[in-house]
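Welcome! Take a look at the sequence and the structure, then read on.

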Amino acid sequence: MKTYNVAIIGATGMVGQRFCLLLENHPWFKVVALAASPSSAGKKYRDAVANRWAMTSPIPEKFADMIVLDAKADLEKIASMVDFVFCAVNMKKEEIKALEEKYAKAEVPVISNNSAHRFTPDVPMIIPEINPQHAEIIAAQKKRLGTKRGFIAVKSNCSLQSYVPALHPLLKYGVSKVAVSTYQAISGAGKTFDRMPEILDNIIPYIGGEEEKSEREPLKIWGKIEGNAIVNTDTPKITAQCLRVPVSDGHTASVFVSFEKKPTKEEILKAWADFSGEPQKLQLPSAPKQFLHYFEEDNRPQAKLDRNLENGMAVSIGRLREDIVFDYKFVCLSHNTLRGAAGGAVLMAELLCAKNYID
């Protein structure tokens, strides 16, 4: 496999920091540029993140003395250095949209962790094991942008990564209704306990915009390409509540589901155990060997014990049982900054490289 020169745009934020750790020794991707806001530009990376390094592992030495570039002002310079960029910036949605389109129009593919383009009809929102075929819309997007190489591909919201993978193998039974409550770690807000004292001994029953994303984004992921757009599916009907809980990493989901053709418990467990996707088939570097893990124990999965399963790239499931209102209920868990954010974006980039969407 060839190697690719990449930049991390938004390198000083929590997801950007996670990108640095994931890409430190990546076999395909070589980080040649780090970029952030003007307040960080011109500083060594170690100085730019000195008071806000949020990872448990130290700053990678290979990046520590790298001079941070300005994500906007140095766009042309960055474009000349890289094969593609990872983007995880903290800006207003319209500013992010404009910035990502500028990179794409500079013939730089953008692998985005941001939500700004998730509902742009010709921008694929890919969970690699679930809808890799949505990459086919990239040709239409390039035509709209007037580019040869440049395009934008996004990953979905981090909370979806816990329950959508568990529902996906069950679609063949006609999933009709889903009710989900997500219990989301503080790292999803870019926080650590010392920077979010209000979460200690507390649960906050509101995360801005999160419930809409949880209800709408799966319908695009399960949608179909029609002409020059990805058209959302109409089913299943999903209702969501999203809560912030005092957990450092790991989003847990409590899921209730009904079917048109109710499967047996054994059929559900077999569907989960047998499920794999393109990343497993292609043996991509970041892919978990077993994507969905089911725990038989009544008290699993637990964020503290199970979030790092398969390097944080697997989804854990437990407590499958019949329900008196819905057909079944179960609990899911995924690592929100690995599978749910930077790791999911790295895996998507690996998929797009392996499929020659990034040359």
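Predicted model: local features only at pLDDT ≥ 70, side-chain atom pairs only at ≥ 80, totals over all residues.

Helices (H or I, at least four residues) and strands (E, at least two) are DSSP runs, numbered from the N terminus.

**The chain as a whole**

- The chain holds 13 helices and 14 strands. Its radius of gyration is 20 Å, close to the 21 Å that the globule rule gives for 359 residues, so the chain is as compact as a globular protein of that length.
- The C-alpha trace spans about 60 × 50 × 35 Å along its principal axes.
- Of the 359 residues in the chain, 58% are buried.

**An enclosed helix**

- How many of the eight residues of helix α7 are buried? Eight of the eight are, so helix α7 (residues 160–167) is largely enclosed by the rest of the structure.
- The buried residues of α7 include Y163, V164 and P165, and also Q161 and S162.

**Salt bridges**

- The structure has 16 salt bridges, and a few of them are worth a visit.
- E101 and K105 pair through their side chains, at 3.9 Å from N to O. Both residues sit in helix α5 (residues 93–105), four residues apart, which is about one turn of the helix.
- R144 and D122 form another salt bridge, with their closest N and O atoms 2.5 Å apart. This pair links distant parts of the chain, 22 residues apart: R144 is in helix α6 (residues 138–145), and D122 is in the loop between β5 (110–112) and α6.
- R300 bridges to D306, with 2.6 Å between the closest N and O atoms. Both R300 and D306 are buried.
- K44, R46, E61 and D65 are joined in a network of salt bridges.

**Charge on the surface**

- A patch of positive charge on the surface brings together K43, R52, K191 and R195.
- One of its members, R195, lies in the loop between β7 (175–184) and α8 (210–221). R195 counts as partly exposed because its relative accessibility is 36%.

**Backbone details in the loops**

- The peptide bond from T235 to P236 is cis, with omega near 0°. P236 belongs to the loop between β9 (229–231) and β10 (237–244).
- A cis peptide bond also runs from R300 to P301, with omega near 5°. P301 is in the loop between β12 (292–295) and α11 (303–306), and R300 is the residue that forms a salt bridge with D306.
- D201 is not a glycine, yet it has a positive phi of about 60°. D201 is found in the loop between β7 and α8, and at 80% relative accessibility it counts as exposed.
- Q283 is not a glycine either, and its phi is positive, at about 50°. At 69% relative accessibility, Q283 counts as exposed.

**A contact across the sequence**

- G13 is in the loop between β1 (4–9) and α1 (14–23), and counts as partly exposed at 25% relative accessibility.
- Which C-alpha atom is separated from that of G13 by 7.4 Å? It belongs to V89, which is 76 residues from G13 along the chain.

Key. Residues numbered from 1 in each chain as written. Heavy atoms only, no water. Buried < 20%, exposed > 50% of the residue type's maximum accessible area, 1.4 Å probe, protein only. Patch = residues over 30% accessible without salt bridge, like charges linked within 9 Å, V, L, I, M, F, W, Y side chains within 5 Å. Areas by Shrake-Rupley, 256 points an atom, 1.4 Å probe, with all protein chains shown as cover. Salt bridge = Lys/Arg side-chain N within 4 Å of Asp/Glu carboxyl O. Lys, Arg positive; Asp, Glu negative; His and termini not counted. Charge placed at Lys NZ, Arg CZ, Asp CG, Glu CD. Rg over C-alpha atoms; globule rule 2.2 N^0.38 Å.
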